[in-house]
Amino acid sequence: MPELDKLIKQLQVQKPQPNFRLWLSSSPHPEFPITILQAGIKMTTKPPKGVKANMKRLYQLVTETQFNCCTRPAVYKKLLYSLCFFHSILLERKKFRQMGWNIVYSFNDSDFEVSENLLCLYLDKYDEIPWDALKYLIAGVNYGGHVTDEWDRRLLTAYINDYFCEAAVNQTFYKLSSLPTYYIPRDGPLSRFQEHINTLPPTEHPEVFGQHPNADIASQIAETHTLFDTLLSLQPQDTGAMTAGAKASREETVLELLGDVRSKVPSLIDCESTRTHLQDNPSPLNVVLLQEIQRYNSLLQTIISSLVELEKGIKGFVVMSPSMEETFNCMYDARVPLLWEKAYPSLKPLAAWMRDLCQRVDQFARWAEDVQPPILFWLSGFTFPNGFLAAVLQSTARQQS
């Protein structure tokens, strides 16, 4: 990347021929030189939204010559439609988040193009359709090369078994979903398949993906968060001086909020003193207590240091870094900075998150002060509840052994 940046600067100095153009294609990357982006015209391409839009785009990539090149056109056209539907379903399952995929994968057009070439090649080469080979190469190698989770791989296998089978070729209007609108159309020219895709509904019911209607809630919540985050980022961020009686600037508002948050940050728990008191009783629960104290102390130190640095940055004592700028914007929008959310996930706004943090720290401060474990535990107050549950099992096993 630095060498590319130097090359672009040399081209600007050398004054190349007026008709000279340099085209660069790249995936998003944080190390891409900003100067190149500032000096050039940017064009971005994103996959369309929805199964219908994705299938329309895929059929636009298939030329008339390519569509009729296979020696077994009837079988090829039906399986090509299944392949397009398969690709679109995999892309659109991302909107369901963890209910769609355990891990979000970067399926792309290259996977589709390679699978389409394999489909045409195997249909030309073999008299009988090699279903097992096609399924393995498409779902197991091309698309499966992205997949690292075993349950996601099982999902890929289930889809490819439904879309690539004898019924998809021999049965008329083979249904690709439990909904009646998704089926393989009759054989015909490329335009007929494109016209059929235009008749599909613009929005998909979750049943198309084999999901319950309630799964669509996660998708809608994610879209809403994205919309609100975009709206907040588009708001004017003026930093000019304010006249008397005018509304406070962003810096003044954040400085006031900084003071309020710093006054509410709980004190650190004395981890060394607690470890000394617990030396005589190294039970699993006490180990969990020390681990939780260390995690919360680390979080509190991060909060305090980030607030101090941000205050210095606002007052001009230090240069504002990207992380400080992000913390500044989050606090102005009453959101929890990403730097603070590394200890445990939470969807609460800043004020509610601070109250929740104080209650969490108070639980372990009381436990450390009493030395003995409390009778009742606030399970969601642990940063790692699985470790606490394992400690309870170990303690119970020791008592009953």
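These questions and answers concern a predicted model.

Visitor: What radius of gyration does the protein have, against that of a compact globule of 401 residues?
Guide: A compact globule of 401 residues would come out near 21 Å. Along the principal axes, the C-alpha atoms fill a box of roughly 80 × 75 × 45 Å. The protein's radius of gyration is 29 Å.

Visitor: Is α6 roughly parallel or roughly antiparallel to α7?
Guide: Helix α6 spans residues 109–125, and helix α7 spans residues 131–142. Their axes come within 10 Å and cross at roughly 165°. Angles over 145 degrees count as roughly antiparallel. Therefore α6 lies, relative to α7, roughly antiparallel.

Visitor: What is the handedness of the crossing of α6 and α7, left-handed or right-handed?
Guide: The two axes cross at roughly 165°. The crossing of α6 and α7 is right-handed.

Visitor: How many residues of the contact of α6 with α7 are nonpolar?
Guide: From α6 come D111, V114, S115, L118, L119 and Y122. From α7 come A133, L134, L137, I138 and N142. Two residues of this contact are polar and one is charged. The nonpolar count is eight.

Key:
Residues are numbered from 1 along each chain as its sequence is written. This is a predicted model: local features need pLDDT of at least 70, side-chain atom pairs count only at pLDDT 80 or more; totals for chains, interfaces and linings use all residues. Side-chain values use heavy atoms; hydrogens and water are left out. Axes are lines fitted to C-alpha atoms, for helices over the stretch in contact, and angles run from 0 to 180 degrees between N-to-C directions. Helices (H or I, at least four residues) and strands (E, at least two) are DSSP runs, numbered from the N terminus. Angles under 35 degrees count as roughly parallel, over 145 as roughly antiparallel, 65 to 115 as roughly perpendicular and the rest as oblique. A crossing is left-handed if the near helix is turned anticlockwise from the far one by less than a right angle, and right-handed if clockwise. Contact means heavy atoms within 4.5 Å. Ala, Val, Leu, Ile, Met, Phe, Trp, Tyr, Cys and Pro count as nonpolar, Asp, Glu, Lys and Arg as charged, and the others, Gly among them, as polar. The radius of gyration is taken over C-alpha atoms; the globule rule is 2.2 Å times the number of residues to the power 0.38.
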